[in-house]
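Please keep the sequence and the structure in view while reading.

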Amino acid sequence: MAFTGRTETVGGGTDRRSALSRYALLPLRVFLGVTFVYAGLDKLTDSAFLASSGPGSLGELMRAARDSAAIPGLVDLALKSPVGFGYVIGIGELAVGIGTLLGLFARVAAVGGALISLSLWLTVSWATTPYYYGNDLAYLMAWLPLVLAGAPMFSADAALRRRRRRRGRRAFRGGLSA
């Protein structure tokens with residue numbers, strides 16, 4: 001395929017739409033990956049956030065969101081150790097972002113991103129009205145195409161698939177000549 005997005009078909013024509021559709025998820029993958037890396041680093045480097053109490057702390061945020069959360073039990077769980085929960089969320093966002101950007105275990109990373117977004121929607125942003133003002137639901141929906149499709153282009157997963165296919169073909173040819 002040329003950079004223009006044209007691919008040759010059996011009849012010798014081009015199928016630009018098919019070629020470009022393979023790249024359709026790349027902007028979404030880059031956006032979500034960069035955003036989650038940034039969010040994870042932001043949390044992990046903010047000493048005020050990683051505190052049980054005080055202005056800007058995760059503990060205060062969770063206490064404020066508890067009564068309006070869809071599942072207050074999730075908030076109660078986080079409040080048992082707000083600092084530990086903050087580290088888990090920050091490291092989780094960082095891992096999801098890096099996995100998404102590299103396309104390494106891309107579907108697993110997307111499931112992780114969707115679960116983080118779902119938990120934030122059900123707790124912190126549940127009371128946002130109208131619902132479309134909150135961004136966590138939009139992030140959850142943005143992760144779903146990556147859960148379904150993975151990272152087919154410019155990814156470690158795609159490189160590993162190509163490598164396995166080449167090895168399989170070599171092993172198959174080697175078995176025929178023996």
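This is a predicted model: local features need pLDDT of at least 70, side-chain atom pairs count only at pLDDT 80 or more; totals for chains, interfaces and linings use all residues.

Helix α2 gives 4 residues to the lining of the largest pocket, the largest share. Besides α2 (26-44), the elements that give two or more residues to the lining are α3 (58-66), α5 (82-102), α6 (106-123) and α7 (136-149). Sorted by class, the lining has 12 nonpolar residues, 3 polar ones and 3 charged ones.

The next step is to see how some of these helices pack. Two packed helices are described by the angle between their axes and the distance between the axes. For α2 and α5, the angle is about 150° and the axes are 7 Å apart. Because angles over 145 degrees count as roughly antiparallel, α2 is roughly antiparallel to α5. Their crossing is left-handed. On the α2 side, the residues in contact include Val 30, Gly 33, Val 37, Ala 39, Gly 40 and Lys 43, and on the α5 side they include Tyr 87, Gly 90, Glu 93, Leu 94, Gly 97 and Leu 101. The contact as a whole has 15 nonpolar, 5 polar and 3 charged residues.

Leu 28, Arg 29, Phe 31, Leu 32, Thr 35 and Phe 36 of α2 meet Tyr 139, Ala 142, Trp 143, Pro 145 and Leu 146 of α7. In this contact 9 residues are nonpolar, 1 is polar and 1 is charged.

Another helix pair is α3 and α4, the latter covering residues 72-79; their axes lie 10 Å apart at an angle of about 155°. With that angle, α3 is roughly antiparallel to α4. The crossing of α3 past α4 is left-handed. From α3 come Gly 59, Met 62, Arg 63 and Arg 66, which meet Pro 72, Val 75, Asp 76, Ala 78 and Leu 79 of α4. By class, this contact has 5 nonpolar, 1 polar and 3 charged residues.

The space in the largest cavity is about 50 Å³. Arg 22, Tyr 23, Leu 25, Leu 26, Arg 29, Gly 150, Ala 151, Pro 152 and Met 153 line this cavity. The lining divides into 6 nonpolar, 1 polar and 2 charged residues.

Two backbone details remain. Most residues other than glycine have a negative phi, and most peptide bonds are trans. Phe 105 has a positive phi, near 50°, and is placed in the loop between α5 and α6. The peptide bond from Thr 129 to Pro 130 is cis, with omega near -15°. Pro 130 is in the loop between α6 and α7.

Definitions and conventions:
Residues are numbered from 1 along each chain as its sequence is written. Side-chain values use heavy atoms; hydrogens and water are left out. Ala, Val, Leu, Ile, Met, Phe, Trp, Tyr, Cys and Pro count as nonpolar, Asp, Glu, Lys and Arg as charged, and the others, Gly among them, as polar. On a 1 Å grid over the protein atoms alone, a cavity is a set of points where a 1.4 Å probe fits but cannot get out, and a pocket is an open set with protein on both sides within 12 Å along at least five of seven lines; lining residues have an atom within 4 Å of a point. Grid points are joined across faces, edges and corners, and a volume is the space filled by probe spheres set on the points. Axes are lines fitted to C-alpha atoms, for helices over the stretch in contact, and angles run from 0 to 180 degrees between N-to-C directions. Angles under 35 degrees count as roughly parallel, over 145 as roughly antiparallel, 65 to 115 as roughly perpendicular and the rest as oblique. A crossing is left-handed if the near helix is turned anticlockwise from the far one by less than a right angle, and right-handed if clockwise. Contact means heavy atoms within 4.5 Å.
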